[in-house]
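Okay, thanks for coming, everyone.

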Amino acid sequence: MAMLLEDIVRAVEVWLKLRRKQPQMYVDPNLDPVLLVPGIAGSILKAVDNENGSDERVWVRILSADYKFRTKLWSRFDPSTGRTVSLDPKTSIVVPEDRYGLYAIDMLDPDLILGRDCVYYFHDMIVEMLQWGFQEGKTLFGFGYDFRQSNRLQDTLKCLAAKLESVYEASGGKKINIITHSMGGLLVKCFMCLHSDIFEKYVKNWIAIAAPFRGAPGYIASTFLNGVSFVDGWEQNFFISKWSMHQLLIECPSIYELMPCPDFNWQHVPVLEIWREKQDTEGNPRIILESYYPNESIEIFKEALSSNIVDYDGESIPLPFNLEILKWANETHKLLSNAELPSQVKFYNIYATSLETPHSVCYGSEDTPVTDLHQLQFFLPKYVCVDGDGTVPTESAKADGLNAEARVGVPGEHRGILSDQHVFRILKHWLKADSDPYYNPLNDYVILPTAFEMESHQEKGLQVTSLKEEWEIISEDQDNLDDAESRKPIISSISISQGGGKNQSSHAEARATVTVHPQNEGKHHVELNAISVSVDA
């Protein structure tokens, strides 16, 4: 039955591709090239049979998802190379290069017909940028990668170097705008540290979106102990189980590199809390709440995962909390903390706000304490939240440690921000894909001059100049006209005089009135009326 469904889905996929293949209507040849770099789990991965060369998509897929995930993607870390290697010795994991790298980061399961939004990655942004005049293979490219690996793995960084060179050449020698999302920001930052000469040679601007520059403490702590799901809603029933995901991520250096940065001065230090039942000196049980700072949490992870195993091909393989990976990740954190932006490159940071975001994690309760740390995987985590995007705290995303041209906060969800219209307006402005010099990305409004009049004449020995100017401030703020006061114009006035002392011939005076009309359909109308009078010398 599953095979029949797969055949049907593939047939529909071909049909959809034929329908989607439409000529691009508008191309702007003056745009600089853009390279999109996704975060963790943001690239399609294929398993290639080393014997016959056949391949199949293993991330992301709906049909047979969990089985293929366990048999093809489960891995072990090799400390001698820093690589995570698949348990299946006959399989190699590759990222498809179709559509100049965009296929792998567009929609992660092209076969999915219903509920596609759950597997969109850069899809909406790609569609938007094509409408601005970007062209695939000329000014728009993608860089997918094996997100299981460390962000400083030389194999990945060599591929990124080759990609930058190819984009530079394909665009006729134009420097590149890199747009990263989430962990892609850490990957690019590692590349910038280790290959600064290449970075400066090819990169013009780097725009980081929702990057966990100092980690994602609450999210990662619960991932180590409970696993994680990358798909919400009904699609979870057909997708990869949280525990299958856990058994992969426990051997992935990239996850350890998302732990809270050990040398960062957090406003509130993230902690791991556990309600535990312990005996006092007289042997009586009592319930206490224990708190562990990030460096102290390591011992909890070690004990809780000390008996963690996977059954693979008839063999039980131990997968404890990996101290070799932790050592590797600590070196990555040191590298990232000492990063410097090349002088010729401009950096911009868009971070998300306004969502409850896990910061500290608590297990158990006073009524149901934890008696055995090995049972933590069966407890639901409770979070102490801070402001952020639901995954990365705003505090972490803002702390890039670089000389930024601008940092802009946008209300939004960690992955949903890639489809946000506010973000699109900012990107369009920074990429110079618009012709609006009046747009302000920091406040997301446009000040548009609509009228300007100035008259000057002499009257009875006086020089009289009058000025009238009008603007419209266009923003996304909602109209708030519920009360009578909000419907009234706001009027302010100012006057300035300059005395001439004994020389009255230099006396001058100016007065101005500013009227701000109530917002209507997202627009504020502003009027300035001014007049100046000076003694005609």
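So, Asp49 sits opposite Thr91 of strand 6. Strand 2 (residues 45-49) and strand 6 run antiparallel, joined by four bridges. Strands here are DSSP E runs of at least two residues, helices are H or I runs of at least four, both numbered from the N terminus, and two strands pair if DSSP finds at least two bridges between them.

Quick caveat: this is a predicted model, where local features need pLDDT of at least 70, side-chain atom pairs count only at pLDDT 80 or more, and totals for chains, interfaces and linings use all residues. Residues are numbered from 1 along each chain as its sequence is written, and side-chain values use heavy atoms, with hydrogens and water left out.

Back to the sheet: an open one of three strands, order 3-2-6, with antiparallel pairing. Strand 3 (55-59) and strand 6 (91-94) are at the edges with a single partner strand each, so one side of each has no neighbour in the sheet.

Leaving aside neighbours within four places in sequence, Met125 is in contact (heavy atoms within 4.5 Å) with Leu36, Ile179, Ile209, Leu418, Phe424 and Leu427.
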